[in-house]
Amino acid sequence: DRDVTGVQTCALPICLQERALAIYTQFHDTPGMANSSGILGTIYLNRGKLEEAEECFNQALQLEDQLGRSSEMAQTNLSLGELYRQKGDLERWEQYFRRALKIRERLGDPEALAVVYKHLGLLYQDRGDLHRARETWLFARGLYLSLESRSQVQELDALVSTVPESAPDTA
């Protein structure tokens, strides 16, 4: 796209990340390529450009694996899970969240684990497995409680309150 003066235009965040990715690629800067691919994937995801986001996240995941960057791999798996949630593919959503969970458990970061468990609860809720959703949210709440993260505890309290204690499994 070009404006009336003939200058190429695009949405600024996308344009900047695409340029950054091109520069990192030109100089074979693998960490920079991985970072830019992940950021660009997130921008595309937030704008509903799911195919472009998927391509970027897969590239980032491959590069992060080459670099041995576990924490970043976990985050990219979460992003891919969210992408598949938006596509309505609950199986792949769970697959990517479980990969992220496995990495986060190995790294031992309770805050990052709590994020994964909170989202897994949403998956279970979407599947109609309300009992499992509630249990998962209560586990995440306990992690946030140990971290003294009041806002996250309140958010999980709100989620838990949507499901009765004796919620039947409808999955």
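A crossing of two helices is called left-handed if the near helix is turned anticlockwise from the far one by less than a right angle, and right-handed if clockwise. The crossing of H5 and H6 is left-handed by that rule. The structure is a predicted model, in which local features need pLDDT of at least 70 and side-chain atom pairs count only at pLDDT 80 or more, while totals for chains, interfaces and linings use all residues. Residues are numbered from 1 along each chain as its sequence is written, and side-chain values use heavy atoms, with hydrogens and water left out.

Starting with the overall picture, the protein chain has 8 helices and 0 strands, and its elements run α-α-α-α-α-α-α-α from the N terminus on. Helices here are DSSP runs of H or I with at least four residues, strands are runs of E with at least two, and both are numbered from the N terminus. The C-alpha atoms fill a box of roughly 65 × 35 × 30 Å along the principal axes. Of the 171 residues in the chain, 42% count as buried; buried means under 20% relative accessible area, exposed over 50%, and partly exposed in between, using a 1.4 Å probe and protein chains only. Contacts (heavy atoms within 4.5 Å) between residues at least 6 apart in sequence join residues at least 24 apart in 50% of cases.

Back to the H5 and H6 pair. The axes of H5 (residues 90-107) and H6 (residues 110-127) come within 10 Å and cross at roughly 160 degrees. Axes are lines fitted to C-alpha atoms, for helices over the stretch in contact, and angles run from 0 to 180 degrees between N-to-C directions. H5 and H6 are therefore roughly antiparallel to each other, given that angles under 35 degrees count as roughly parallel, over 145 as roughly antiparallel, 65 to 115 as roughly perpendicular and the rest as oblique. On the H5 side the contact includes Trp93, Phe97 and Leu101, and on the H6 side it includes Val116, Leu120 and Tyr124. Sorted by class, this contact has 13 nonpolar, 1 polar and 7 charged residues. Ala, Val, Leu, Ile, Met, Phe, Trp, Tyr, Cys and Pro count as nonpolar, Asp, Glu, Lys and Arg as charged, and the others, Gly among them, as polar.

Next comes the H3 and H4 pair. Helix H3 (residues 50-67) packs against helix H4 (residues 70-87) at about 160 degrees, with axes 9 Å apart, which makes H3 roughly antiparallel to H4. The crossing of H3 and H4 is left-handed. Among the residues in contact are Phe57 and Leu61 of H3, and Met73, Leu80 and Tyr84 of H4. The class tally for H3 with H4 is 9 nonpolar, 5 polar and 6 charged residues.

Arginine 106, in helix H5, is exposed, with a relative accessible area of 56%. Its side chain makes a polar contact with the side chain of serine 70 at 3.0 Å; such a contact is a pair of N or O atoms within 3.5 Å, where within protein one must be able to donate a hydrogen and the other to accept it, and residues adjacent in sequence count only if both atoms are side-chain atoms. Arginine 106 and serine 71 are 35 residues apart in sequence and 9.9 Å apart in space, C-alpha to C-alpha.

Histidine 28, between H1 (12-26) and H2 (30-46), has a positive phi near 55 degrees and is exposed at 69% relative accessibility. Glutamate 148, in the loop between H7 (130-146) and H8 (150-161), has a phi near 55 degrees and a relative accessible area of 71%, so it is exposed.
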